[in-house]
Amino acid sequence: MKQLSGLDSVFLDAEDDHQFTHVSQLLILERPDPDFEPYPAWRRQLADRIHQLEPLRRRLVEVPFGLDHPYWIADPDFDLDFHVRHSAVPPPGGDGELDELVGRLVAAPMDRDHPLWVSHVIEGLDGDRFAILTMIHHSAVDGAAGADLLELMLEDSPDAGRPAEAGRWRAESPPSTAEVLARAAVNGVRRPARGLLLAARAGQKLARASRSPAAIDLADKVRGTLRGPLGSVLNAGRARDDDGRLPRLPPLVSPRTPFNHPISRYRRFAHRSLPLAEVKSVGKQAGATINDVVVAICGGGLRHWLTERGELPDRPLTALIPVSLRSGDEEERWTNRVSGTIAALPTDLDGPLERLRGAHEALDLAKQVFKALPGELAPDVAGLGTPLATTAVSRAVTRWSTAAAAPFNLVVSNVPGPTDPLYVGPAPMRHYVPVSAIADGVGLNITVQSYVDQLDIGLLACAELVPDLADLADAVVAEFDLLRDAVRSAEEPA
């Protein structure tokens with residue numbers, strides 16, 4: 001029996017009748033021959049590997065009255081057939097039909113009486129393709145752990161043999177109410193002491209940051225963005241950037257967009273792909289990273305999409321950029337170790353090269369801010385409250401988001417994926433598309449994941465706020481084409 005961390009519990013407590021915090025992966029595979037049957041192959045593969053897949057075997061044990069964080073136990077009533085399901089898209093079976101089905105499937109909560117995951121084998125796709133949509137609750141894994149889990153679910157060769165320990169694992173008996181209440185009492189005594197220790201660690205980090213030249217330089221940049229008479233006094237005699245421009249700090253209050261409103265329970269999904277080699281080449285030629293390119297094309301795509309709707313704000317949009325805190329030395333592999341930082345998107349800049357530069361500067365500044373602040377303590381801080389308290393906070397945030405501007409406009413995430421091909425039996429996987437989550441006030445998520453030679457882009461939105469999500473996905477791809485052409489033109493001799 002293992003207790004959920006505070007951050008794990010937050011993803012449970014944040015759910016309600018229209019906010020669902022499971023994260024998903026859409027795998028698109030190719031049939032190796034006409035007689036291949038995807039559903040039994042996938043079910044058999046999971047059955048053979050279930051002993052390696054701890055998050056898929058465990059279910060929740062709640063603590064009465066929300067007095068403490070829940071526990072995981074190896075489910076004594078585990079039923080693989082409950083979790084592996086068979087679906088199909090209608091003709092003609094293109095990507096549009098697949099995206100519509102995915103949007104419907106992810107728009108439902110997980111059954112907390114069972115392990116918190118479901119996997120749909122989707123047939124009916126054109127071109128001898130099939131897909132697998134696997135949804136797992138964010139309380140069980142974060143993005144990095146989820147990617148590791150999926151690699152364990154798949155095979156690394158088309159002729160992999162059956163594992164020696166296939167199907168061997170041990171279930172656990174549920175604890176008694178008295179046992180979990182006794183543990184809750186002990187944790188209640190320890191929680192204040194943990195809070196003092198975390199406060200001391202945060203103070204130490206801030207003190208070190210205050211003496212850091214990088215942090216001092218960052219503070220100067222922040223102060224340098226002040227406008228008006230006060231800014232003139234504070235900035236007297238101070239140098240700006242080499243070209244006289246001020247750094248691209250995110251605005252203190254994010255501008256309103258069509259997707260920054262309370263969400264419904266309905267979802268819209270769209271996916272697109274880019275050649276990974278071309279993305280790397282564009283970044284290398286421009287002196288930028290893949291992250292820079294991703295943020296630039298998301299910003300440019302949003303600029304074009306919002307302009308066509310007549311709703312482009314004057315100020316830049318802002319994005320929450322998730323940051324993995326994994327070092328590889330964690331005692332518990334299957335938990336959440338993630339924080340985040342906020343960056344300005346280049347939605348206010350003309351020209352793809354200017355937007356790429358703006359994205360690079362914004363990400364660099366966001367990294368400096370994250371290093372200067374105790375952001376890596378976020379998972380531990382989340383453990384200081386009981387589920388009862390964090391649920392109340394989540395509800396308060398939901399009500400606040402209906403009346404006030406969100407702290408950021410959307411989530412943009414770039415996750416490195418497997419570099420070698422993966423398989424279901426002899427069927428090769430061609431695309432590995434991320435499907436994330438949205439929340440009240442932040443009704444759009446763009447997540448990008450690399451896989452072998454592809455960069456797969458998954459966009460998820462509230463269906464009522466962004467009914468034309470496919471147009472936004474097309475705009476993101478079109479922005480990459482513009483950026484690639486602009487980089488090539490800049491490279492050509494005059």
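Which residues is L410 in contact with, leaving aside its neighbours within four places in sequence? I looked this up and found F259, L302, L317, T318, A319, L320, L345, V442, L444 and I446, where contact means heavy atoms within 4.5 Å.

Before going on, I noted that this is a predicted model, in which local features need pLDDT of at least 70 and side-chain atom pairs count only at pLDDT 80 or more, while totals for chains, interfaces and linings use all residues. Residues are numbered from 1 along each chain as its sequence is written, and side-chain values use heavy atoms, with hydrogens and water left out.

Next I looked up the nonpolar core, a set of buried Ala, Val, Leu, Ile, Met, Phe, Trp, Tyr and Cys residues joined through side-chain atoms within 4.5 Å; buried means under 20% relative accessible area, exposed over 50%, and partly exposed in between (1.4 Å probe, protein chains only). The largest such core has 106 residues, and L410 is listed with L26, W42, L98, L133 and L444 as having the most contacts inside it. Helix α11 (residues 290-309) gives this core its largest share, 9 residues; helices are DSSP runs of H or I with at least four residues, and strands are runs of E with at least two, numbered from the N terminus.

I then turned to the strands, which pair if DSSP finds at least two bridges between them. An open sheet of 3 strands runs in the order β1-β4-β3 with antiparallel pairing, and its edge strands, β1 (2-3) and β3 (58-61), each pair on one side only. Between β1 and β4 (residues 71-74) I noted 2 bridges, and Q3 has Y71 of β4 as its bridge partner.
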